[in-house]
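Grab the sequence, open the model in your viewer and work through these exercises one at a time. Try each task yourself before you read its solution.

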Amino acid sequence: MKGQEIPEQYLDGYAQLLADVSATGRRLTRAELETRRALGEQAAEAGHGLRTLVNGHLAATRAAWPDTPGSADSALAAVQQVVDAFAEGYERAQHLAVRQEEAARREFIDDLLHGRSDLGHLAERAERFGLRLSHAHAVAVAQGPTAYDESAPVPRQVERSLIARFGDRSILLTTKDGRMLCIAPGDQDEVLTHFAKQAYAATDGGHVAIGRAQPGTGGVVQSYKEALNTLELAERLDLDDPVLRAADLLVYPVLTRDRQAMADLVLDTLGPLTAARGGVQPLLETLTAYFDCGCVAAEAARRLSLSVRALTYRLERIHKLTGANPADPAHRYMLQTAVIGARLLDWPTTEL
């Protein structure tokens, strides 16, 4: 057929149907419409574009246009019904394919991050999503005020921004446990940095953590866990930075590796503060603010809404109770480490 650009099978019986409808003036039957929907599904599954398919129907319409006077209105109504049913079937197949792709991606992500699949098979599946697990990868995790899934507007907004900026760069953007994840090659830090900026803006002030680049299949899992641990640290330590890198916070996992030793340090160093009038919390907050601002008394007082004199009194009280002077460099490291330990172990709220 002249002007035909699609396989003849998707127009099977169309010319005869058009002739019959234009001659009788009837509408298409339910069975005829379902046949057109089925052909639309088959065309979508075969990978044909909808625009090409519609153009093919229009070309076939011109070639089979009836010559009988007065039949044009019936013929146009039939064309409208056929194209609408065909497009409905096409879209139905596409929606099904999208759902299947999302399900396959979720299953792959679960297997990848929990190591529930054979490594060789996992590497093969990874290539379908643009990842080459033989290379090093890093993972960024974004956490916002609400939980997200792949169909939510925020992840789609971030994904569009990444695609617009970097195109296809073996990047996998997905969601897991209500958080957004970006997995990128370890040598493309600019991708994760851009993801972090976009995610922070889109979540209106959420936190983003970036794990270190790690090699191999297990490297993705390790980088992901580092990012999660970094988010947890940020919450415990009240870190304000919107973007946190695991590489910059390695000292904290080291400090908590021997939990009992850290607990002993906290109790031995800060335990005497529990005898203070008003309890330990105000003095612990004083030490936290004092160390966080580089031991500048005026700035610490401002953060605590105190006068410098009141802050100085608190520091002297801490010195008297603990025997350690926060202003003395010889004592400062022990006190600061104990304060960090207290925050990590949630003391004194949690009994050690």
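**Exercise 1. Count the salt bridges, then look into three of them.**

Start with the rule: a salt bridge is a side-chain nitrogen of Lys or Arg within 4 Å of a carboxyl oxygen of Asp or Glu. Run that over the structure and the count comes to 13 salt bridges. Before going on, note that this is a predicted model, where local features need pLDDT of at least 70 and side-chain atom pairs count only at pLDDT 80 or more, while totals for chains, interfaces and linings use all residues. Residues are numbered from 1 along each chain as its sequence is written, and side-chain values use heavy atoms, with hydrogens and water left out.

Step one: take Glu32 and Arg26, whose closest N and O atoms are 2.9 Å apart. For burial, the scale is relative accessible area with a 1.4 Å probe and protein chains only: buried is under 20%, exposed is over 50%, and partly exposed is in between. Arg26 has 27% relative accessibility, so it counts as partly exposed.

Step two: go to Arg37 and Glu88, a salt bridge with its closest N and O atoms 3.0 Å apart. This pair links distant parts of the chain, 51 residues apart: Arg37 sits in helix H2 (residues 30-45) and Glu88 in helix H4 (residues 72-114). Helices here are DSSP runs of H or I with at least four residues, strands are runs of E with at least two, and both are numbered from the N terminus. Arg37 is buried at a relative accessible area of 17%, whereas Glu88 is partly exposed at 35%.

Step three: check Glu232 and Arg236, again a salt bridge, with 3.0 Å between the closest N and O atoms. Both belong to helix H8 (residues 217-237), and because they are four residues apart, about one helical turn separates them. Glu232 is partly exposed with a relative accessible area of 39%, and Arg236 is partly exposed with 42%.

Step four: look for shared partners. Salt bridges that share partners join Glu34, Arg37, Glu41, Glu88 and Arg92 into one network.

**Exercise 2. Which residues does Arg92 touch, leaving out those up to four places away in sequence?**

Next, list the contacts (heavy atoms within 4.5 Å). With that sequence cut-off, Arg92 touches Glu34, Arg37 and Glu41.

**Exercise 3. Describe helix H11 and say what its buried residues pack against.**

Begin with the span. H11 (residues 281-292) has twelve residues and reaches 16 Å from its first C-alpha to its last, close to the expected 16 Å; the expected value is 1.5 Å times one less than the number of residues. Then pick out the buried residues: Leu283, Leu284, Thr286, Leu287, Thr288, Ala289, Tyr290 and Phe291. They pack against helices H10 (259-270), H12 (297-304), H13 (308-322) and H14 (329-344). After the helix comes Gly294, with a positive phi near 75°.

**Exercise 4. Find the aromatic pairing and classify it.**

A search of the whole structure turns up one aromatic pair. The ring centres of Tyr290 and Phe291 are 5.8 Å apart and the planes are at 55°, so this pair is tilted. The cut-offs, for rings of Phe, Tyr and Trp (its six-membered ring), are centres within 6.5 Å, with planes under 30 degrees apart called stacked, over 60 edge-to-face and the rest tilted. Tyr290 and Phe291 are both buried.

**Exercise 5. Which members of the largest nonpolar core touch the most other members?**

A nonpolar core is a set of buried Ala, Val, Leu, Ile, Met, Phe, Trp, Tyr and Cys residues joined through side-chain atoms within 4.5 Å. The largest one has 36 residues, and Tyr252, Leu270, Leu273, Leu287, Phe291 and Trp347 touch the most other members. Now ask who supplies it: H8, helix H9 (251-256), H10, H11, H12, H13 and H14 each give at least two residues. To finish, zoom in on Tyr252, which touches Leu233, Leu237, Ile340 and Leu344, not counting residues up to four places away in sequence.
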